[in-house]
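Reader: Please take a close look at one part of this model for me. I would like the salt bridges, and then whatever surrounds them.

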Amino acid sequence: MKPTVTKKRKRLTPRKPRASRPELKTRAEAAKALKIAPRALDRAIERGAPGPVAGRRGTRRYPVAALRRWLVAREQPEDSGRPNLTAERARLVGVQRELAELKLAIASGKLIDRAAEDRRDFEIARTVRDSILNVPDRIASELAAESDAARVHERLTAELTKCLSSLADVLEHGPDDDGGAAAKRPER
């Protein structure tokens, strides 16, 4: 008998283009394509990344494009509950620098205690008020006996000037032994 020779037939339907099929690679090839370690690939799959599919002859193949999309979507640093030591150290150094700057400003007199200054300002205002309100008590009897308006005006002006000058001295040089206003204010 004569052997039969069969001709190769042309395919009637074209093959699917390769681009439509997902790119499947072995574990090592997928890790290399994604620029990560193979163990990192396994951890990503444990966290929910697309896993391997069955390949030829029982091998596992990994969808590289799907894995890349999953990794890009999760590029934000994960919060594992542990502090980021580098960020915490940088934050600590920043706080220490601010604290040192504050201490230097206080030591150089650029910063002062606000509560102490508020108390001091209150004491000064009270001293000014008391001094001015005491003027009428001190000179009322003298002014009552005076009939000349010019002498009354002169006497009032002299007494108020004396009162304000003594207040200025107290504020500039500190109190005398009479318990006046607080000591000299630091330069601002």
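Author: Glu88 and Arg91 both sit in helix H4, three residues apart, which is about one turn of the helix. This is a predicted model. The two side chains meet in a salt bridge, at 3.5 Å from N to O. Glu88 is partly exposed, at 37% relative accessibility. Arg91 is exposed, with a relative accessible area of 56%. The cut-off for exposed is over 50%, so Arg91 passes it.

Elsewhere, salt bridges with shared partners join Arg138, Glu142, Arg155 and Glu159 into one network.

Back to the helix itself. H4 covers residues 85-107, 23 residues in total. From first C-alpha to last, H4 reaches 33 Å, close to the 33 Å expected at 1.5 Å a residue. Gly109 follows H4, and its phi is positive, near 90 degrees.

Now the wider count. The whole structure holds ten salt bridges. One of them pairs Arg27 with Asp42, at 2.6 Å from N to O. Arg27 belongs to helix H1 and Asp42 to helix H2, so this pair ties together parts that are 15 residues apart in sequence. Arg27 counts as partly exposed, at 32% relative accessibility.

Arg39 and Glu46 form another salt bridge. Their closest N and O atoms are 3.7 Å apart. Arg39 is partly exposed, at 42% relative accessibility. Glu46 is exposed, with a relative accessible area of 61%.

Next, the nonpolar side. The largest nonpolar core has nine residues. They are Ala30, Leu34, Leu41, Ala44, Ala49, Tyr62, Val64, Leu67 and Trp70. Helices H1 (27-34), H2 (38-46) and H3 (64-73) each supply at least two residues of this core. H3 gives the most, with three residues. Apart from this core lies another, of six residues, including Val135, Ile139, Leu143 and Val152. In soluble globular proteins, nonpolar side chains tend to be buried together.

Tyr62 links the two themes. Tyr62 is one of the nine core residues. Setting aside neighbours within four places in sequence, Tyr62 is in contact with both Arg27 and Asp42. Those are the partners in the 2.6 Å salt bridge.

Definitions and conventions:
Residues numbered from 1 in each chain as written. Predicted model: local features only at pLDDT ≥ 70, side-chain atom pairs only at ≥ 80, totals over all residues. Heavy atoms only, no water. Core = buried A, V, L, I, M, F, W, Y, C linked by side-chain atoms within 4.5 Å. Buried < 20%, exposed > 50% of the residue type's maximum accessible area, 1.4 Å probe, protein only. Helix = DSSP H or I, 4+ residues; strand = E, 2+ residues; numbered from the N terminus. Contact = heavy atoms within 4.5 Å. Expected span 1.5 Å × (residues − 1). Salt bridge = Lys/Arg side-chain N within 4 Å of Asp/Glu carboxyl O.
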